[in-house]
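Let's walk through this structure together, starting with a few ground rules and then moving from contacts to helices and whole chains.

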Amino acid sequence: MEASPNGVCSRRRKILISLFIIFHFSCIIAWVLPKPSPIKTWLLSLSLPLPGHSRDAGEASSQWKIKSRPIIAEYIHHTAQWQDWAMFAPNPVQTNQYLGAHVIYERGNWKEYTLPRLDQMNWVEAWLEKRYRKLKNRLIDEKRPEFFEDLARWIARQQSESGNRVTRVSVFMYNSPIPRHDRKDLGDPHTAAWLNYSEILREKAVYSPTLVLDYFVKPGDLE
Amino acid sequence: MKRLLRDWDRFFFQPQSARVLGVYRIAIGLLTLYSFLLFAKDATAFFSDQGVLRVETVDRVYSRHWHTLLAYIRSPFGVKCMLALLFAAGVCFTIGFQTRVSSIALFVLVTSFHERNNLVLNSGDTVIRTMLFLFMFAPAGAALSVDALRRRLRSPDPAACNPMLVAPWAQRMMQLQVAIIYFTTVYAKSRGDLYHNGSAMYYVFGIVDFSVHGIENLMNYPVLYSALTFATLFAEIAISFLIWFRATRPYAVALGILLHLWIMWCMVLPVFGVLMIATYLCFFTEEEYEGTMTWLRQRFGQTRVWRLAEEIPGQLLAAPWFRRLAGRRTPAGPA
């Protein structure tokens, strides 16, 4: 695959490269097909006996062994080619959300913490902090208690004060549905009142909290 | 069948100049550095065991294979050292110094960060990772690189000064990857009822952490948000096809620049938009590259920056330290 002065490949090399191209894009296309899709399910179920690390039920740790494994998933994961291009698809979310926590200290005082919220930042700040938006969205989508536990520990470490450690972190998810105003419901679509959505969705938005994790901080968590 | 095989051979293997690939390498290298510069501020929070996600948690939650050097380097200091290594590999890749080695190192390091905490990744990061994977197979240092200059210095043959020809199969794979991105995003959206009734953009404008202040007031205009919903679908499907043909490529590029600048500005997506615009570079042909360079030379040829940029290769070839680096001790010919 090294560049040659005239760029000509031998026939054998062309065949090998062509096989690689076909295999690579077959895997990618199978991977990116939206769910549910019978073709995707069938393609992802294709298996071959392959060597690799795996842990069976009852085994304490994973071991090298040859066993039947799905070809496409193995290739995609081992080459880090996992990908998903379904942003705002099949439909965009219809709720504004953010994550926050009630942080309780050993002296009994408490304070409210929120993960950086892009809607309360100016454009430059949002540009720099936008990874927190992704973190918030993924945590909410995945709803894994293990992730929220790690988040609670991190908040505890961040918010602890000298001589006043955090003892408890209650993580909350705040939701505010985006109101759907059909113009016909507001009267004549041409003369209907102009709604101040900045006010509706930002200043006057009402967020309802849902407790997702109540975490009691352990001694080792703050180290 | 014979014709199909001939077309396949021509598409993937007909030698072409490596300069377009060189330009694309520089663009992807710079954007990788830019993406990780934005990460740098929060590297400890996102990628160390003192941050929001521990290695044990990732291991427990995902029952899949994942490869990351950061499973072994977990302290905040270690993560910062790894980030410094990534920047070093990124600079080497961008200037084309030991390009093959630096492209492999860069892919391994980028993947290490991405696998360590994929909760903070967006589509731009995925584009970078998929492109760097394919760059490992490409002769990316064959032109517009320090490696190419060193080769010129070492070779007594005057033909070494000519642009190198390479088999473009890896570059073609990058092009196919770009088309897949656009095609699958439209396919995924086409299954949503809000895209059918034209109100998807109503909700997109209403997601306040995806909109700059004031954009949400566009929710007052049904004709506008419906038109933008369908225009987005049209632009994405059109780009995935029109970008392939020379006659329609300028329109596809213009459409893509408009679409991504709009998304970048109003949805605060600082990496994805500019990366997708950069991916159009790998579709350029040698003639289009020459035409663009001629236009740029006519327009900016008299400026100090342009003259400086044109003098750099000659100065490097004449510099004693560079000649030692290239392993040449005899005087060089004209640059």
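Two residues are in contact if their C-beta atoms, placed from the backbone, lie within 7 Å. Helices (H or I, at least four residues) and strands (E, at least two) are DSSP runs, numbered from the N terminus. This is a predicted model, in which local features need pLDDT of at least 70 and side-chain atom pairs count only at pLDDT 80 or more, while totals for chains, interfaces and linings use all residues. Residues are numbered from 1 along each chain as its sequence is written, and chains are lettered from A and ligands numbered from 1 in the order in which they are written.

With that in hand, look at a helix pair in chain B. Thr130(B), Met131(B) and Leu134(B) of α7(B) meet Ala170(B), Met173(B), Met174(B) and Gln177(B) of α9(B). Sorted by type, the residues of this contact are five nonpolar, two polar and no charged; here Ala, Val, Leu, Ile, Met, Phe, Trp, Tyr, Cys and Pro count as nonpolar, Asp, Glu, Lys and Arg as charged, and the others, Gly among them, as polar. How are the two helices arranged? Two packed helices are described by the angle between their axes and the distance between the axes. For α7(B), residues 123–135, and α9(B), the angle is about 165° and the axes are 9 Å apart; axes are lines fitted to C-alpha atoms, for helices over the stretch in contact, with angles running from 0 to 180 degrees between N-to-C directions. The angle therefore makes α7(B) roughly antiparallel to α9(B), a label for angles over 145 degrees.

Chain B as a whole has 17 helices and two strands. Its C-alpha atoms fill a box of roughly 70 × 55 × 50 Å along the principal axes. Of its 335 residues, 42% are buried, meaning that 20 or more other C-beta atoms lie within 10 Å of a residue's own; 12 or fewer makes a residue exposed, and anything in between partly exposed, with C-beta atoms placed from the backbone.

Now turn to chain A, which has six helices and six strands. Here 21% of the 223 residues count as buried. Among its contacts between residues at least 6 apart in sequence, 60% join residues at least 24 apart.

Helix α1(A) covers residues 11–32 and has 22 residues. Its span from first C-alpha to last is 32 Å, close to the 32 Å expected, where the expected span is 1.5 Å times one less than the number of residues. Which residues of α1(A) are buried? They are His24(A), Cys27(A), Ile28(A), Ala30(A) and Val32(A). The buried residues of this helix pack against α2 and α3 of chain A, together with α9 of chain B.

That brings us to the meeting of the chains, where 62 residues of chain A are in contact with 71 residues of chain B. On the chain A side, α1, α3, α4, α5 and α6 each supply at least two residues, and α4(A) gives the most, with 11. That side divides into 36 nonpolar, 11 polar and 15 charged residues.

Arg157(A) is partly exposed because 16 other C-beta atoms lie within 10 Å. Leaving aside neighbours within four places in sequence, Arg157(A) is in contact with Leu222(A) and Gln50(B).

Methods
Angles under 35 degrees count as roughly parallel, over 145 as roughly antiparallel, 65 to 115 as roughly perpendicular and the rest as oblique.
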